[in-house]
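Hi,

Here is the structure I promised to send over. Have a look at it first, and then read on for my notes.

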Amino acid sequence: MLLPSISFLPLAVIGLVGLQFATQKNTMESIALSIVMYATAFVLVAIAAKQMSQHDEIEGLQDVSARCLLLGASISAVVGLLQWTSYSSALSWFVAIPMAIDESGVYGNVAQQNHYAAYSVMGLAALLFLYFRRSLSGRSALALAGLLLTSIFLSASRGALLYAALVLVFFYRGDVHTD
C-alpha cells in the first residue's frame, strides 16, 4: 500500500519535530507532542480515506467516520471528567498545554474549553447518527450521551450548549437523514 500523496507534508512535519529533538534544538517543546499527534492522525485518516475510496459503500464510510468521531470525543470527555475530579496531573502528557482548572471549565486533552466542548458536540451528533441508524444500542447511546453532555456542561462553553441544542433540534425534526 502506497501512502496518499497528501500525507507527505504531515510526515515531513513529524520528521522535522523528530530532527529538532535529535539535535536538541526544539524551540517548541510545549506543543511538539500535539503537532506529532495531529499530523499522525491526519496521515491515518488519509490512509483510511484512500482505502475506503476504493469501495463504493458510502454507508460504511459514514459508519466508520461516526464511530471514530464518537470514540475520540468520548476519550476526550473522560479526560475532562478526570480533570474535573482533580486527577488531571497523571494526564498532563496527553494535554497540549496543561492549564490550571479554574472557574472557566475543563478542557480535556484539547487545552481550550470551547474547542473541547465543540468536539463533544460533534461526538453527540455522531452518537445520534449511529443510534438512529440502529448501529448503537439504546443503553450505549444513553451512557455515552450522558458522558458527552456532562463534558459539555463542565466546559462552561455557552456556544457549545447552543450547538448541542441545534443538533438535538435537527435530529428531532428529522432534518438529518440517517438512511
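This is a predicted model: local features need pLDDT of at least 70, side-chain atom pairs count only at pLDDT 80 or more; totals for chains, interfaces and linings use all residues.

Let's begin with charged side chains. The count comes to 1 salt bridge, and the partners are Asp63 and Arg67, with 3.1 Å from N to O. Both residues sit in helix H3, which covers residues 58–84. They are 4 residues apart there, which means that about one helical turn separates them.

On to the aromatic side chains. Searching the whole structure gives 1 aromatic pair, formed by Tyr131 and Phe132. Their ring centres lie 5.4 Å apart and the planes stand at 65°, so the pair is edge-to-face; the cut-off for that label is over 60 degrees. Tyr131 is partly exposed, at 36% relative accessible area, and Phe132 is partly exposed too, at 38%.

Tyr131 also belongs to the set of H4 residues that meet H5. Helix H4 spans residues 113–132 and helix H5 residues 138–155. Their axes come within 9 Å and cross at roughly 160°. Angles over 145 degrees count as roughly antiparallel, and H4 and H5 are therefore roughly antiparallel to each other. The crossing of H4 past H5 is left-handed. On the H4 side, the contacting residues include Tyr116, Leu124 and Leu127; on the H5 side, Leu144, Leu148 and Ile152 are among them.

Best wishes

Definitions and conventions: Residues are numbered from 1 along each chain as its sequence is written. Side-chain values use heavy atoms; hydrogens and water are left out. A salt bridge is a side-chain nitrogen of Lys or Arg within 4 Å of a carboxyl oxygen of Asp or Glu. Helices (H or I, at least four residues) and strands (E, at least two) are DSSP runs, numbered from the N terminus. Rings of Phe, Tyr and Trp (its six-membered ring) pair if their centres lie within 6.5 Å; planes under 30 degrees apart count as stacked, over 60 as edge-to-face and the rest as tilted. Buried means under 20% relative accessible area, exposed over 50%, partly exposed in between (1.4 Å probe, protein chains only). Axes are lines fitted to C-alpha atoms, for helices over the stretch in contact, and angles run from 0 to 180 degrees between N-to-C directions. Angles under 35 degrees count as roughly parallel, over 145 as roughly antiparallel, 65 to 115 as roughly perpendicular and the rest as oblique. A crossing is left-handed if the near helix is turned anticlockwise from the far one by less than a right angle, and right-handed if clockwise. Contact means heavy atoms within 4.5 Å.
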